[in-house]
Amino acid sequence: MQNIRRIISASVVILAITSPHHCFAGDGGLKFSVAVDMVGEYNASGQRASDKFQPRIVDLMAYGAIDPYFDGLMSLAAHNENGQSIFELHEAYISSDRLIPMTNFRAGQFFLNIGRLSRFHQHEWAFTSTPLVHQSFFGNEGVLDSGVELSILIPSSSFFELTLGATNGFTFGHSHDAGSKPKQPTHYAHLLSFFSLGSLDVQPGISALTRHASDGRKSDFLGIEMTGKVNTQGFVRWLTQSEAWYRRVKPKSGEEEVNVGLYSYLQYGFSSRFNTGVRFDYLTNTTLKDVEGKKVENWQRAIVPSVAYKPSEFSLFRLSYNHRNVMTPLGQEENTSTIEIQTTFVLGAHPTHAF
Amino acid sequence: MKLRKALYFLTLLTTISCGGSSSSNNDSGSLPLSYSVLSNTSLTQADSNVSGSGSLVFSSPLASVTGESHFTVTSSIEDGGSLKLVVYSDAQLSSGVELLISRSGSTATASVTVPGSTSSTDVSSQLSSVLNDVITGSFTLRVDMHNGEQPGHILVWVADKSATLGDASLSEELGNGAGTYWGLSLNQATVTDVSVGNAQHEDE
């Protein structure tokens, strides 16, 4: 019996070493990373924040080449839900940019390639809190769903990348359960471009998305984005990032509602380690009426200045002040201010983004 | 003399008809939130309460059909009566999420109805402590409705509990309303206070 165990153990070791799929980080094979994002929100005025510091999200990721044709990525994320850290599957997809020239596809569960913020993990954002328009339209993070996505580099002297996607659509944004089968799958398109103006690199984009939920509620989204960077001496001297979104919601039996919102962020880097930025948010319901049919003034605005210390690509400390000003449908103006403290760190090799 | 008597009688009549009663039956009122009366079976409106039977819709809408709000209603229900809170509905209080509290003798029940559903969901067991107050007198409903989630998420707290998910007496995802209005439907009930504001519980 002992000899059999020794033979089995040796076989396992030999197979692990000689297999083309042996998994050692750093050799071009499977890579692992852990990203921890911790946030504290404290009320400066009003009672909007939780007044505590806690891990907002812990991201465990494994990715790499599956074989000469495909890549794979899997990430688990723990969110703090009502005092408990709940681990759930975030992304799990197979992808390839080697099968068809100038084309990349992925299939599985992923953050939809729409807009700017949805494409990045929250701990990679240039600011701590979620912009008002993004929170209202998509939730606190990017839009997560399962389906297929195809990105095509359009043959042109300029850079144009068109992404088309279709996902299940059983849920959209925050959901407590698996959702239910929609009338139509969620489908979207995203056109990105890139150009340089001297030292300024600019990536503009436009997105469109439609969802027809199981209860008959139809939602159409249209967004434009613009990201600009000026790099100097190996770090980002100037960063500007803006998105504007339009959403039309038509319940099955009810009136159509239109919301528009935007955020705009500007950041200056003193050095590779220190930067300061400010973000402006705006959101309004343009079709809101009272029972007599009169239009009702309403809006939400926020201004969020911040300073950040970034010792390396793997750690970050950021302090922000989030001042929010709301005109409610009751005609009351509410002001709240929150101090936000953020610490993030990454262990291992986190995949990078192109821009 | 006859003229004097007639004038005196007319003056008396005028005085009585313009008397100091604070009750009236109007098409609108203020609770403190201003509202419009949709149906008036036997509704009596005063400065700070409305009682009887009828339905009313509050004048100011909710911020968005995909939003979330908190509603507080303080009321009392007579034997055989009921109170229905309707949220995220159209201006006629249709296509909304409804929380119905009914009283019959020493029993009170609660149910939730959502648009598109053929039946109500009985939530009496979850709201037992509120229903005890319904039988004994005045009660306060504290309700979050998260209409942006799909299905919509309704939470109800009893008066002395903190607004956390763990302290909610009722937390159910049943369906969504289709509008931005809200109101009340009274049947032998009195409402003394209402308010609306930001959702008390934010899902993280």
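Relative accessibility and S157(A)

A residue is called buried under 20% relative accessible area, exposed over 50%, and partly exposed in between, with a 1.4 Å probe and protein chains only. S157(A) has a relative accessibility of 84% and therefore counts as exposed; S157(A) belongs to the loop between β6 and β7 of chain A, where helices (H or I, at least four residues) and strands (E, at least two) are DSSP runs numbered from the N terminus. Between the C-alpha atoms of S157(A) and E257(A), which are 100 residues apart along the chain, the separation is 41 Å.

Basis of the model

The model is predicted, so that local features need pLDDT of at least 70 and side-chain atom pairs count only at pLDDT 80 or more, whereas totals for chains, interfaces and linings use all residues. Residues are numbered from 1 along each chain as its sequence is written, chains are lettered from A and ligands numbered from 1 in the order in which they are written, and side-chain values use heavy atoms, with hydrogens and water left out.

Aromatic rings in chain A

Over all chains, the whole structure holds 19 aromatic pairs, a pair being two rings of Phe, Tyr or Trp (its six-membered ring) with centres within 6.5 Å, stacked if the planes are under 30 degrees apart, edge-to-face if over 60 and tilted otherwise. F138(A) and F172(A) make an edge-to-face pair because their planes stand at 65 degrees, with the ring centres 6.3 Å apart. This pair links distant parts of the chain, 34 residues apart, with F138(A) in the loop between α2 (132–137) and β6 (144–153) of chain A and F172(A) in the loop between β7 (159–167) and β8 (184–197) of chain A. Both F138(A) and F172(A) are buried, and they form one aromatic cluster together with F137(A), F221(A) and W245(A).

The interface

In chain B, 31 residues are in contact (heavy atoms within 4.5 Å) with 30 residues of chain A.
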